[in-house]
Amino acid sequence: MSMVATVKTCVMVMALALVPQVAGSEIDGYGPDAWRVSGVTPGDTLNARMGPGTEYRIVGTLAHDERGLIEVTCVPLLTMDIAAGLTDAEVAALPSRWCLMRAADLSRAGWVAARYLIPDNATPVQDADPVTEARNLIRALYAAADQAGRDGSHPLDPDQAAKYFFAEIAVTLKTAPPGADPLTGAQDFDGRIADPVPAPEQPMFRGMITIHVDITNFGQSHTAIFRLRPDPSQPGSPIRIFRIEHDGWHFPT
């Protein structure tokens, strides 16, 4: 199984990523902090409606590339408990997903089709501490892996990796790609991924941030350990991942 296919399989459990009707949205409570408009022709706008459907009145518009959107809620409702109880047929029968969104400045709000929304990974987290910023970066990483295949890119592609990893790791992904998927710790995956959490004992030590992600694969559980710190080689020294540790191996090797 390819790296992209492996990531998409694992994220499906967390976010129903392979269902076209819920494209662009995660399981409620597990999405990123900000969204952006995608798939709208430049110069055109995305209609925001009074309710979740085209039969509702247009109450505003969003720019074709508007960023920093805040998600209020989405329908159909997809909590982890609900998603876990759905069969493949029930998932396929779900109606198109709509989300109630607010503009970054709170000046506009309305329901938009979720297929026009993608995670806004470049939007800074306002007033966030470094540990929260690191946690949200990893959430965005998995969300971007979910989005892969719909926009043609993947966060582990060398031209995308610097958004999440140290710049030198982006080079490594091009010159020496890992044999196993660094996001799941395996070549094949059938299981689930938990929400990232700060290391309970010491989430930050001497500038290094540690985030844990619990992973269950084929009935076996382990904790992926993400190590992050500011990358001075990138403009603004953003917090980036410099190491991922799995049972028995780590990336980069």
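Guide: The dialogue below takes the chain as a whole and then selected residues and a helix.

Guide: This is a predicted model, in which local features need pLDDT of at least 70 and side-chain atom pairs count only at pLDDT 80 or more, while totals for chains, interfaces and linings use all residues. Residues are numbered from 1 along each chain as its sequence is written, and side-chain values use heavy atoms, with hydrogens and water left out.

Visitor: How many helices and strands does the chain have?
Guide: The chain has five helices and 14 strands. Helices (H or I, at least four residues) and strands (E, at least two) are DSSP runs, numbered from the N terminus.

Visitor: Why is Arg97 called buried?
Guide: Buried means under 20% relative accessible area, exposed over 50%, and partly exposed in between (1.4 Å probe, protein chains only). Arg97 has a relative accessible area of 2%, so the residue is buried. Arg97 sits in the loop between helix 3 (88–92) and strand 5 (98–102), and a polar atom of its side chain lies 2.3 Å from the backbone oxygen of Pro76. Of the 253 residues of the chain, 45% count as buried.

Visitor: Why is Met50 called exposed?
Guide: Met50 has a relative accessible area of 52%, and therefore counts as exposed. Met50 lies in the loop between strand 2 (45–49) and strand 3 (58–63).

Visitor: What makes the link between Glu66 and Arg108 a polar contact?
Guide: A polar contact is a pair of N or O atoms within 3.5 Å; within protein, one must be able to donate a hydrogen and the other to accept it, and residues adjacent in sequence count only if both atoms are side-chain atoms. The side chains of Glu66 and Arg108 make such a contact at 2.6 Å. A polar atom of the Glu66 side chain also lies 2.9 Å from the backbone nitrogen of Ala63. Glu66, at 13% relative accessibility, counts as buried.

Visitor: Why is helix 4 described as largely enclosed?
Guide: Because 14 of its 18 residues are buried, helix 4 is largely enclosed by the rest of the structure.
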